[in-house]
Amino acid sequence: MEGVGREIRLVARPRGFPDEELFEIAESPIPEPSDGQVLIRNAYFSVDPYMRPRMNDVRSYVAPFTLGEAMTGGAVGRIAVSRSPRHAEGDWVVHQLGWREWALSDGSGLRPIDPAAAPVSTALGVLGMPGFTAWFGLFEIGRPKEGETIFVSGAAGAVGSAVGQMARVAGCRVIGSAGSAEKVAWIRELGFDAAFDYRKRTPREALAELAPDGIDIYFDNVGGDHLEAAIGALRTYGRVVACGSISRYNDAEPTPGPRNMFMVVTKRLRLQGYIITDHGDRFGEFARQATEWVRDGRLQYRETIVEGIENAPSAFLGLLLGQNIGKMLVAVGPAE
């Protein structure tokens, strides 16, 4: 196929909060697939908090981004050319080849999706990795019981908004924190029982008012003062689902942890982290349940879509600044 495709490459590593100078837009000829390969025209790619730690050259659960190469991550697109008997031209697929307009794949790691079941963008959000992260963390680690109280930080994000709604399905009372009045209003529309703007009041103050008798589960997307406040508010045998710590991702130097960790012992708390890619065998179960919830309205979602691959760096910085509501996506091609 003739033409030129664009991709976003990381060209330097940040110290502290990143800026757009760390990225470049590169052009290259659209590749021609050989036997066994497929060429995918991307429609959307995902912008996620976990990408910030991957920009650092440090050992972690996933390899750091390689300088001078395209940013990898979730993307959804349509197969434009197939030289593989396993994949047909016109099929929609999700893959991890990331921030580019065109992706060449040997067919491994492709997950087919049905565009008639839901908008294809949801395969990167509520019916994709963020929704799966919410479902597994809540039900397998949090183990909610009817009548319990759960506190969700980052509640207007793709993961947090799904957690809160799933906890409502489980019969829990749900409290959420978010970073603006607009976000707080939205999560209240989703059915959260209470919500607060952490830019206007501290989590400790808010929880003292909104959960005077304590909480049973804390779903942590933020870390920092939210985690410390939650540990203080948790009842005996409470659970912390440690999903992320976006408030700490841009620290140039390590920040001391919660000052009340002794309460983990005195309250007999359980604090457990997880990486959702360890649990891919459960994705089918999640997808069946979540699709049903989306269809019947119990699981709603929003998407913040930035148009054009050239705007991907600003979308990423916007995510770190909390400018998105729901899932942050970059649209780079036709979605039909």
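This is a predicted model: local features need pLDDT of at least 70, side-chain atom pairs count only at pLDDT 80 or more; totals for chains, interfaces and linings use all residues.
Local features need pLDDT of at least 70, side-chain atom pairs count only at pLDDT 80 or more, and totals for chains, interfaces and linings use all residues. Residues are numbered from 1 along each chain as its sequence is written, and side-chain values use heavy atoms, with hydrogens and water left out.

Start with the sheet. Strands of a sheet pair through backbone hydrogen bonds, either parallel or antiparallel. Strands (E, at least two residues) and helices (H or I, at least four) are DSSP runs, numbered from the N terminus. Two strands pair if DSSP finds at least two bridges between them.

Strand β12 covers residues 234–242 and pairs with β13 in the parallel sense over 4 bridges. Follow A242 across to β13, and its bridge partner is G273.

Residue A158 is in helix α3. What does A158 touch, leaving aside its neighbours within four places in sequence? It is in contact with P130, G326 and K327. Contact means heavy atoms within 4.5 Å. A158 and M328 are 170 residues apart along the chain, yet their C-alpha atoms are separated by 7.9 Å.

Next come the aromatic rings. A search of the whole structure finds 13 aromatic pairs. Rings of Phe, Tyr and Trp (its six-membered ring) pair if their centres lie within 6.5 Å; planes under 30 degrees apart count as stacked, over 60 as edge-to-face and the rest as tilted. F23 and W99 form a stacked pair, 6.4 Å centre to centre with 20° between the planes. This pair links distant parts of the chain. F23 is in strand β2 (residues 23–29), while W99 is in the loop between β5 (92–95) and β6 (102–105), 76 residues apart. Buried means under 20% relative accessible area, exposed over 50%, and partly exposed in between (1.4 Å probe, protein chains only).

F23 has another partner, F316. Why is this pair called edge-to-face? The ring centres are 6.1 Å apart and the planes stand at 75°, so the pair is edge-to-face. Again distant parts of the chain are linked: F23 is in strand β2 and F316 is in helix α9 (residues 312–320), 293 residues apart. F316 is buried as well, with a relative accessible area of 0%. Together, F23, F45, W99 and F316 form one aromatic cluster.

R302 lies over the face of W186, at 5.6 Å from the ring centre. The test asks for NZ of Lys or CZ of Arg within 6 Å of the ring centre and within 35 degrees of the ring normal.

Last, the salt bridges. The whole structure has 18 of them. A salt bridge is a side-chain nitrogen of Lys or Arg within 4 Å of a carboxyl oxygen of Asp or Glu. One joins R100 and E7, with the closest N and O atoms 3.4 Å apart. R100 lies in the loop between β5 and β6 and E7 in strand β1 (residues 4–10), so the pair ties together parts that are 93 residues apart in sequence. E7 counts as buried at 11% relative accessibility. A network of salt bridges links E7, R9, E24 and R100.

E209 and R201 meet in a salt bridge at 2.3 Å, N to O. E209 is exposed at 52%, and R201 is partly exposed at 24%. E228 and R259 form a further salt bridge, with the closest N and O atoms 2.6 Å apart. E228 is in helix α6 (residues 224–233), and R259 is in the loop between β12 and α7 (262–266), 31 residues apart. R259 is exposed, with a relative accessible area of 69%.
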